[in-house]
Amino acid sequence: MRLILFTLLALVISGARLPAQAQSCSFSIANVNFGNINIGPGGTPSTTSTFTATCSGLANRTITICPNIGDGTGSSTAGSPRLLTNGTRTIGYDLLQPNGDVWGSYVWPYAARPPVLSLTLNGSGSGTLSRTIQAVISGSIAGANTGLYSSSYTTFHTLIDYGYAPGQSCSTVSNRAAQAPFTVQANNVATCNVTTTPMDFGTVADLGTAQSATSQLGITCTRGTNYTVGLSNGINGGTSPTNRKLASASAPGSSITYGIYRDTAFSQPWGQTVGSNTVSGVGTGTQQLVTAYGRMPVQAKPSPASYSDTIVVTVSY
């Protein structure tokens, strides 16, 4: 009877020690938020997330961690880029390891793999580690309308396996695999950019005949954004779109009258009153060229000199 009791007691003690010997880990991945992005310069900022592991087990043992991150609910066609979605529109992005490689998965169909991480437990059998995940917007967002774009990493989109080294292999998944859900999002906001070319009337010997010239304005606005383009009356005292002034520092008091128009017939003045004499359009995400038509009417010949004016282009959206 004593032998049996002793044996039972030994089994109870042994059973109580097993959980302390087994490795156990929990994981988290911080949400990725690109904030406001746009098609303008500097409008696609990068950001970071953090992968964190907290483990316990045998003192001073090393645990191998295999942090598989899939393609998210936005999906992907090659692992890079992954896709944020808003309806049928998409924005490409990448999740990268600190060395710049794509942070992938052993359980997705693409070539990119995750880093293999090692965590050595302390003398009390516990330990933590963290790794930075780089997040970058990949490629052009010209085809994206305004709005919030997102992708969620739930259930099978994260599958993090672990086990004591050297027995743990990241090429297979054990029943210890855990999940660490997170989201990625970016808010695509409306913006417009404009470029211009000079309107050069060239060298004019006589203003007894009307003179004409053109300028090209390149308007780039976020896809689906309504915009208007207005032109100021210049810096030389112009009083209307058809009564702008070219002036010269070497010929004080002398000026040349000219106008800027929206059409080749010089019948539609181009000013800055929205809804009256401006140009309107809808952004495509790519540059749209608009021509400004300049006209110098017949007038008295001014003093010989080089004449100029500066026009402020205002894009409202």
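Student: Is cysteine 55 buried or exposed?

Tutor: Buried means under 20% relative accessible area, so cysteine 55, at 3% relative accessibility, counts as buried. Keep in mind that this is a predicted model.

Student: Which cysteine does a disulfide join to cysteine 55?

Tutor: Here is the general idea: a disulfide is a covalent bond between the sulfur atoms of two cysteines. In this case the partner of cysteine 55 is cysteine 25, with an S to S distance of 2.0 Å. Cysteine 25 sits in strand β1 (residues 24-29) and cysteine 55 in strand β3 (residues 47-56), 30 residues apart. Cysteine 25 is buried too, with a relative accessible area of 10%.

Student: How many disulfides does the structure hold?

Tutor: There are three. Another one is formed by cysteine 66 and cysteine 170, whose sulfur atoms are 2.0 Å apart. Cysteine 66 lies in strand β4 (residues 62-69) and cysteine 170 in the loop between β10 (158-164) and β11 (182-188), so this pair ties together parts that are 104 residues apart in sequence.

Student: What about cysteine 192?

Tutor: A disulfide joins cysteine 192 to cysteine 221, S to S 1.9 Å. Strand β12 (residues 192-196) holds cysteine 192, and strand β13 (residues 211-221) holds cysteine 221. Both cysteine 192 and cysteine 221 are buried.

Student: Which link is left-handed?

Tutor: Look at the angle about the S-S bond. With -80°, the link of cysteine 66 and cysteine 170 is left-handed. The link of cysteine 25 and cysteine 55 is right-handed, with 115°, and the link of cysteine 192 and cysteine 221 is right-handed, with 115°.

Student: What is the pairing in sequence order?

Tutor: Number the bonded cysteines along the protein, and the pairing reads 1-2, 3-4, 5-6.

Note on methods. Residues are numbered from 1 along each chain as its sequence is written. This is a predicted model: local features need pLDDT of at least 70, side-chain atom pairs count only at pLDDT 80 or more; totals for chains, interfaces and linings use all residues. Side-chain values use heavy atoms; hydrogens and water are left out. A disulfide is a pair of cysteine sulfur atoms within 2.5 Å. Helices (H or I, at least four residues) and strands (E, at least two) are DSSP runs, numbered from the N terminus. Buried means under 20% relative accessible area, exposed over 50%, partly exposed in between (1.4 Å probe, protein chains only).
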